[in-house]
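Could you walk me through this structure while I have it open in my viewer? Please tell me what to select at each stop and what I will find there.

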Amino acid sequence: MKKSIIITVALLGLIFASCEKELDLNSPNDITVDQYWKTESDAQAGVNSIYAMFYKDGLWARWIYFRLDLTSDEGYSVSPWTELADWTRFNYINYNFWEGNAVTWRDTYKAIFRCNQVLANVPNITFQNEDTKKRIIAQAKFLRALHYYYAAVIWEDIPLVLEPSTPADLPKQVKVTEVWAQVEKDLNEAFADLPRDWSGADIGRPDKGAAKAFLAKVYMQQHKWAEAKTSLDYLISGAGAKYSLQANYRDNFTDLHENNSESVFEIQFGDQRKGGTGEDQNAAVSSNRCQFFAPRGIGWSDGQARFWLVNAFKEEKNKDGNLDIRLRWTLYYPQLLADFGDKTYNRNWEWNNNEAWFRKGSRDYYRDNEDYYSQVNYRLVRYGDILLRYAEVLNELGNTAQAYQYVDMVRARANMNTLAVAHPEIGNNHDLFLERLKMERVLELAGESVRWEDLKRWGDLNTQASVDKIALRDSDFKNFKVGKNHRMPIPQTDVDNNPNLDQNSGY
């Protein structure tokens, strides 16, 4: 059901009303912790407040895409706002720069705080149905794991906060391995109590398949290939094997076919509330991604795609001798009209040489401009990604021959020849298969916020030689410092104010 998770959020973060001094007075309109967390509706509103964090500037409403898409070799920025563009090309000067770093850090920990509220208080509430209680707690564990997952991908060594925090807290920093361990724990516990399926107004909440998908992601980032395979087995051949590829590739990127058979977990966006991103009842529940990534005159144009992606799609024709149809729905580029008959946002266009823009998630099918209120859901994990991950895991476990079929399933939807026919030189060679799989993931998933974690998982950011190869297709990587820029700096104000927090090495 469309927009099922977009709900009226009654609780957007409780007020901590502890009086350390006699003169500390609380507003009579504030709800204190002692007054709250009494009923089932309190618990439901509490978990719903976690979902509301998806709609904040620092996270999936806006700025996190700059970290995951534009910092990778798929995208870049030529924004006239120089400091903003610098944060996509490894020129980090002010570590407290709000749009580039600090707001994402803040909103990540606000989301984690809301998860911790639920996990600390809901167990003490009496429910008529114990399964309802378990599902609320499981959702909070899944969402805490999700936010820690992306925090670990972006910053790595961070504070691991597992209880509701107070302003006086000075949380200790832990190594990324400890963060991964907590993500694993939360996801495994969430899996036990999440349903296999949601129905009605609850469609879009995380289910068992979503938990297993994120478990696979965290295992793969640590090269725990056997554990990753077990998680992926659940989605592909186990009790959770309910997924299938959509016949039409584009159906994954508009608001017309959301929460479909290919969706494993997606963020539910809507345009019915056109407020800001604050905490009031009119706060927007929309995506700003295309407002910032759309071409000139349509959006702000602060982020765009690297042109090497266009060339990558054109390296291989489909079975009929035509272009890979995924190119049509992935990018805007100068030859789009000639190649597929599509105008960019239905306009006649004057292109600069070798420029490209991300098309996925745009509203060009019925609009000629973008704004801050896109209702298109963002698919964090879909089955096409799962199949390619399974192929990668099988290859790493020495089962290269078995891995082909899962790549072929993805290629078949685009009417591409089987991998063995198109690239017979690969054979059962692990390294050649992995190199081709890197390209298969680009062709299927470009612009879907997975490339940065992919580059890290493959070790492509670990040596100067591998970074130099990336720099051939993305000149921003000429600024990349090995051993430093694989993670972002922690906001300096947090480092200065917390003696238990060290700045990431190299910064």
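Let's begin with D454, which sits in helix α17, residues 451-457. Keep in mind as you look around that this is a predicted model. Is D454 buried or exposed? Its relative accessibility is 1%, so D454 counts as buried. Now show its surroundings: setting aside neighbours within four places in sequence, D454 is in contact with R389 and R441.

Select R389 next, together with E453. These two form a salt bridge whose closest N and O atoms are 2.9 Å apart. The pair ties together distant parts of the chain, with R389 in helix α13 (residues 383-396) and E453 in helix α17, 64 residues apart. Both R389 and E453 are buried. Opposite charges are what to look for here, since side chains of opposite charge can pair when their charged atoms come close.

Now widen the selection to K217, D385, R389, E392, R441, E453, D454 and R457. Which kind of interaction links these residues in a network? The answer is salt bridges. The structure as a whole holds 55 of them.

For another one, move to E279 and K110. Their closest N and O atoms are 2.9 Å apart, again in a salt bridge. This pair also links distant parts of the chain: E279 lies in the loop between β4 (263-267) and α9 (289-293), while K110 belongs to helix α4 (residues 98-121), 169 residues away. E279 has a relative accessible area of 35%, so it is partly exposed. K110 counts as partly exposed too, at 26% relative accessibility.

One more salt bridge to pick out is D371 with R367, where the closest N and O atoms are 2.9 Å apart. D371 is partly exposed, with a relative accessible area of 21%.

Next, select S362, in the loop between β7 (357-358) and β8 (378-382). With a relative accessible area of 3%, S362 is buried. Which residues does S362 contact, leaving aside neighbours within four places in sequence? They are F253, C290, Y332, Y345, E370 and V376. Draw a distance between the side chains of S362 and Y332, and you will find a polar contact of 2.8 Å.

Time to go inside. The largest nonpolar core has 149 residues, and those with the most contacts inside it are W60, F142 and L380. Helix α5, residues 130-154, gives the most to this core, with 15 residues.

Stay on α5 for a moment. It has 25 residues and reaches 37 Å from its first C-alpha to its last, close to the 36 Å expected at 1.5 Å a residue. Why is α5 described as largely enclosed by the rest of the structure? Because 20 of its 25 residues are buried. At the start of α5, a side-chain oxygen of N129 comes within 2.8 Å of the backbone nitrogen of D131. Just after the helix, E156 takes a positive phi of about 75°.

Then centre the view on F142. Not counting residues up to four places away in sequence, F142 touches L187, A190, L194, P206, A210, A211, F214 and F265.

Finally, colour residues 38-220, which an unreviewed UniProt entry annotates as "domain: SusD-like N-terminal". The end C-alpha atoms of this span lie 40 Å apart, and the span is 57% helix and 3% strand.

How values were computed
Residues are numbered from 1 along each chain as its sequence is written. This is a predicted model: local features need pLDDT of at least 70, side-chain atom pairs count only at pLDDT 80 or more; totals for chains, interfaces and linings use all residues. Side-chain values use heavy atoms; hydrogens and water are left out. UniProt positions are given in the numbering used here, feature names are shortened, and annotations may be inferred rather than shown by experiment. Helices (H or I, at least four residues) and strands (E, at least two) are DSSP runs, numbered from the N terminus. A nonpolar core is a set of buried Ala, Val, Leu, Ile, Met, Phe, Trp, Tyr and Cys residues joined through side-chain atoms within 4.5 Å. Buried means under 20% relative accessible area, exposed over 50%, partly exposed in between (1.4 Å probe, protein chains only). Contact means heavy atoms within 4.5 Å. The expected span of a helix is 1.5 Å times one less than its number of residues. A polar contact is a pair of N or O atoms within 3.5 Å; within protein, one must be able to donate a hydrogen and the other to accept it, and residues adjacent in sequence count only if both atoms are side-chain atoms. A salt bridge is a side-chain nitrogen of Lys or Arg within 4 Å of a carboxyl oxygen of Asp or Glu.
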